Amino acid sequence: MIELIIDGMAASVPAGTSIMQAARTVGVDIAKLCATDSLTSFGSCRLCIVQVEGRRGLPASCTTPVESGMVVRTQTPQVARIRRNVMELYISDHPLDCLTCAANGDCELQDMAGAVGLREVRYGMDGANHLAAVKDESNPYFTFDPAKCIVCSRCVRACDEIQGTFALSITDRGFASKVTAGIDEGFLASECVSCGACVQACPTATLIEKTVVDAGQPERTVKTTCAYCGVGCSFEAQLKGNEVVRMVPSADGGANEGHSCVKGRFAWGYATHHDRILRPMIREQITDAWRAVSWDEAIAFTAGKFTELQRRYGRDAIGGVSSSRCTNEEVYVVQKMIRAAFGTNNIDTCARVCHSPTGYGLKQTFGTAAGTQDFKSVAHADVIVVIGANPTDAHPVFGSRLKRRLRQGAKLIVIDPRRIDLVRSPHIRAAHHLQLRPGTNVAVINAMAHVIVTEGLVDSAFVDARCDARSFEQWKAFIAQPEQSPEATAACTGVPAAEVRAAARLYATGGNAAIYYGLGVTEHSQGSTMVLGIANLAMVAGQIGRDGTGVNPLRGQNNVQGSCDMGSFPHELPGYRHISDDATRHLFEQAWHVALDPEPGLRIPNMLALALTGQFRGMFIQGEDLAQSDPNTRHVTAALSAMECVVVQDLFLNETARYAHVFLPGTAFLEKDGTFTNAERRINRVRPVTPPRTGLAEWEAVCRLSTAMGYPMHYDSAAAIMDEIAALTPTFSGVSFAYLDQVGSVQWPCTADRPLGTRIMHEEQFVRGRGRFLVTQYVPTDERSTRRYPLLLTTGRILSQYNVGTATRRTANTVWHQEDVLEIHPHDAEVRGIGDGDGVLLQSRKGDITLHARVSDRVPEGVVYTTFHHPDNAANVVTTEYSDWATNCPEYKVTAVEVHPVD
Ligand code: SF4
Ligand code: SF4
Ligand code: SF4
Ligand code: FES
């Protein structure tokens, strides 16, 4: 600690602290413009000058570190005069339109002019100035008005340090210095990804949200959580009346710490889009027109239909799907209604089509179905392995955090058929890119483990102390076989053996190594095997149980972790406890006052298959677009058409609603009261920013339906639902709305002995006791390229869009992505006569779609790639019925296809 005197007060701060920060500890706020807490100080504005006894000149307090015995004066006549002069120069080249400026009342330049006592500007406006500089309005969400720019470079540093995109720079010198996006092409055309970090950092109205320009400064703030991806960023919704004016990422948000991406920051307008359905609707046949009715009529109609179907076809003829977009509380009541009111365990969730193998694989090996670390942990990783994930597009705020660590020197291994941005981006180069053939994940992970075992790189101390010895010996005998070696598998994986060996050595010996993976791991016929393989690798190298290590699934949807935690699987009650376990079932039977079926119910694919045979007749679908998001669309729509009562609870008439008999209007995240659980197991509060536009919370609608079906369900509030969850689920035992409001957020397990939750799992021992190795035999998928379908299609996401695009397509995010395109390697394109931008027909044995080609060497020869955000392109028309052997998660990532040019 360094002791010094500031304005006569004693301060004691750690070495390396700036004078500006030290002053704040004794209650002195020094005037500043170019410095801000979230960025490295730059020392350009000279407003923060101070006097240091015994030193010549006036140093900038933001860049001058404290020294022992320093005596600092932050206010002297000389300092005050120079600060006023600095401000005077700034203001002499600034439009004096404060009263009509959109930032009036929220402008640091204005504040500082007041703080330094600026009373007059002696220089006229008739000299050279920047006042006629032209505004850049190209970005759909914010404007850039260079006339107001003070060239403090906060925006440039925010883009570099926080977002990691390096889209901005200060070009030219001296008086001509200016902020430039890209190669002076405007924000929209530049590399800018519209994260908003620069807008937030800007102290003036130069970079400002268009919504603020239109509506004026907000009046009140409600803290809530983004409803897009599994990062779970915290935001302050800023409002005027009941109208959201802007969303500002919370500096104290556990997952995002003040950062955001374009979706959470700007793409919330869908919540008030005119397409939203706000009244319940019913119809007898799916060919009839919809009829808007009261909530009472819609509930009575639905209950009557479902009851009649059960009377005619049996209890198990109906079931439901819960949504990973909805809150924990909304999901909990849906699974409770299905188990208690429907009397069946036919409840499944959309995690079936994304991360169900994660649940299975991590539970088998570690004992718990969740990621092991918090996001902050990546700052301690020396080696980062990204497998089948594209964090800069799909989990952007975590992607920025990860890039920051890579710029600090951590090594990167990417295992992916496609060259994702991380492989090569500003200041980042992957040490190894294992560009494997789609469908060969397990062979690659086995080969890496083979290298570790056969080259003597096993962390024996960890394995002996923490893992099950018998399972290790069995696995070791398997993995050491020559067939698992990089050399033996190279022909099938397409990855050179030397690359695999080098990557394995780096993972085992490069310091702390962390694995982050996505749907490129799970959405395969061996998705669960691959998760087991990843867990085996982490255990054998001792890369788990401490900061900077671990196995981390990057969850796709905002609450996919929560929907799984809440008992949405047909075999599991909340907290991942098997329905056949008598003690658990009795606990719920006593609490719910109802007998529960001890047999697991149907999964989504089983429900759909039985619908086609007439055994399954009715489905309650909460916020999930099966007709677009599930594989083999024709099969799905045939099954939905065959049912007699399909209920869709959603914001919009989605593709599935075409086959529905009842539409119950859902609430947007801005209207919800509850919690989401993100990929770090972090339970975040979702607070109602505006009242439900439908007149009813979603959980209330479900409770009414349950009651109408003969099982009365009533809660006074969403908080009461969480109280019931906490009472029945040991890992949630310490959670309540009041507690979350007090502490911000917690990562489960949150229990009496861990009241603040658990940042890192399996620190002392695995949840299941000893870590279990499982043999992961590579079995090639049955989906292979053939002479007729010689290419392999794999799918993914793009930053500006979200899943099937229901929300993001109803925002200005469409400027970045108007349609899904097909990436195809130049060689494959050339032999087929396909040019960039040409229309192509994509055919698989399941169906065909047309889209435009993008010729790109991001994909290797033999592989094509597309996204699935647009119903017009309907990528799932071509995906197949193959699925993971353990969980039925569809094999979205491998489809044999052929591509032809079309007019
Ligand atoms: S745009 Fe804003 S943050 Fe960037 S240099 Fe200008 S005033 Fe500073
Ligand atoms: S919005 Fe984000 S990516 Fe774009 S320039 Fe600003 S900080 Fe950079
Ligand atoms: S990273 Fe995910 S949670 Fe965060 S703002 Fe973007 S979409 Fe929302
Ligand atoms: S705030 Fe220190 S030089 Fe600008």
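Modeller: Two strands pair if DSSP finds at least two bridges between them; strands are DSSP runs of E with at least two residues and helices runs of H or I with at least four, numbered from the N terminus. This is a predicted model, in which local features need pLDDT of at least 70 and side-chain atom pairs count only at pLDDT 80 or more, while totals for chains, interfaces and linings use all residues; side-chain values use heavy atoms, without hydrogens or water. Residues are numbered from 1 along each chain as its sequence is written, and chains are lettered from A and ligands numbered from 1 in the order in which they are written.

Biologist: In strand 35, which residue is the bridge partner of Ile824?

Modeller: Strand 35 (residues 863-867) pairs with strand 32 (residues 821-824) in the antiparallel sense over two bridges. With strand 31 (residues 791-796), the pairing is parallel, over five bridges, and there Thr794 stands opposite Tyr865. The partner of Ile824 in strand 35 is Val864.

Biologist: How many residues of strand 35 are buried?

Modeller: Buried means under 20% relative accessible area, exposed over 50% and partly exposed in between, with a 1.4 Å probe and protein chains only. Val863, Tyr865 and Thr867 point one way from strand 35, Val864 and Thr866 point the other way, and all are buried. Of the five residues in strand 35, the number buried is five.

Biologist: Is Asp288 buried or partly exposed?

Modeller: Asp288 lies in the loop between strand 12 and strand 13 (291-292). Its C-alpha atom is 9.1 Å from that of His661, although the two are 373 residues apart along the chain. Because its relative accessibility is 32%, Asp288 is partly exposed.

Biologist: Which strands are the edge strands of the open sheet of five strands?

Modeller: The order in this sheet is 20-17-16-21-22, with parallel pairing. Within it, strand 16 (residues 383-387) and strand 21 (residues 513-517) pair over five bridges, and Val385 has Ile515 as its bridge partner. Each edge strand pairs on one side only, and these are strand 20 (432-434) and strand 22 (551-553).

Biologist: About what angle does the direction of helix 17 make with that of strand 20?

Modeller: Helix 17 (residues 497-509) packs on the sheet, touching strand 16, strand 17 (411-415), strand 20 and strand 21, where contact means heavy atoms within 4.5 Å. Axes are lines fitted to C-alpha atoms, for helices over the stretch in contact, and angles run from 0 to 180 degrees between N-to-C directions. The angle with strand 20 is about 125°.

Biologist: How many charged residues does the shell around ligand 3 have?

Modeller: The residues around ligand 3 include Cys226, Cys229, Cys233, Cys261 and Lys263; a residue is near a molecule if one of its heavy atoms lies within 4 Å of it. Helix 7 (262-266) and helix 12 (396-407) each supply at least two residues of this shell. Ala, Val, Leu, Ile, Met, Phe, Trp, Tyr, Cys and Pro count as nonpolar, Asp, Glu, Lys and Arg as charged, and the others, Gly among them, as polar. By class the shell has nine nonpolar and two polar residues, and the number of charged residues is one.
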